[in-house]
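Reader: I have a model open and would like to learn how to read its features one by one. Could you walk me through them?

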Amino acid sequence: RAKICEAYLLSNDDQKAKKKIDESYKDFPSDPNIVTYRGMLSHRKNNFKDAKENYENALKLNCKHREALFNKALALEQEGNQAKEVGDTTYETFYAEADEIFK
């Protein structure tokens, strides 16, 4: 099922991807790939908070899940960029956490 979700996600048809990912998550909530795909869909919509939450949940299921780790770091970096643009000084926290992941 995870490969089907990935195919829909890569097709850039977010509506179909969301439907398939939600169906799969309902049946397989402890599959770190499916949880990561949920994060990727949120990430694509710039919903970094939801994306990070999904990546963190995927990492709880498999602490070495590379795609979840990489995407979490990317979301943190992008969230830091957003914070910096609006003058929020917490952006450095996001960057530092992303740097730790990339080490």
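Reader: Happy to begin with the surface: what is the accessible surface of the chain, and what share belongs to carbon and sulfur atoms?

Author: Accessible areas come from the Shrake-Rupley method with a 1.4 Å probe, and for residues only the protein chains shown count as cover. Here the accessible surface comes to about 6,500 Å², and carbon and sulfur atoms account for 48% of that. Before we go on, please note that this is a predicted model, in which local features need pLDDT of at least 70 and side-chain atom pairs count only at pLDDT 80 or more, while totals for chains, interfaces and linings use all residues. Residues are numbered from 1 along each chain as its sequence is written, and side-chain values use heavy atoms, with hydrogens and water left out.

Reader: Thanks. How do I read the fold, and how many helices and strands are there in the chain?

Author: Helices (H or I, at least four residues) and strands (E, at least two) are DSSP runs, numbered from the N terminus. In this chain there are 6 helices and 0 strands, so the pattern along the sequence is written α-α-α-α-α-α.

Reader: What does the radius of gyration say about the chain?

Author: The radius is taken over C-alpha atoms, and the globule rule is 2.2 Å times the number of residues to the power 0.38. For 103 residues, a compact globule would come out near 13 Å; the chain has 14 Å, which agrees. Along the principal axes, the C-alpha atoms fill a box of roughly 40 × 25 × 20 Å.

Reader: And contacts: what percentage join residues at least 24 apart?

Author: Contact means heavy atoms within 4.5 Å. Taking contacts between residues at least 6 apart in sequence, 45% join residues at least 24 apart.

Reader: How should I read burial, and what part of the chain is buried?

Author: Buried means under 20% relative accessible area, exposed means over 50%, and partly exposed is in between (1.4 Å probe, protein chains only). Buried residues make up 34% of the 103 residues here.

Reader: Which residues does serine 42 touch?

Author: Not counting residues up to four places away in sequence, serine 42 touches Asn47, Asp50, Ala51 and Asn54. Serine 42 is found in helix 3 and counts as buried because its relative accessibility is 10%. Asparagine 54, in helix 4, is buried too, with a relative accessible area of 6%. Beyond neighbours within four places, asparagine 54 is in contact with Val35, Arg38, Gly39 and Ser42.

Reader: Where is histidine 65 found?

Author: Histidine 65 is in the loop between helix 4 and helix 5. Setting aside residues up to four places away in sequence, histidine 65 touches Pro32, Asn33, Thr36 and Leu59.

Reader: What about backbone angles: what is phi of asparagine 12?

Author: Phi of asparagine 12 is near 65°, a positive value in a residue other than glycine. Asparagine 12 lies in the loop between helix 1 (2–10) and helix 2 (14–27) and is exposed, at 56% relative accessible area. Asparagine 46 has a positive phi as well, near 60°, and lies in the loop between helix 3 (32–44) and helix 4 (48–61).

Reader: Last one: how many positive and negative side chains does the chain have?

Author: Lys and Arg count as positive and Asp and Glu as negative; His and the chain ends are not counted. Each charge is placed at NZ of Lys, CZ of Arg, CG of Asp or CD of Glu. The chain has 18 positive and 19 negative side chains, with the centres of the two sets 6 Å apart.
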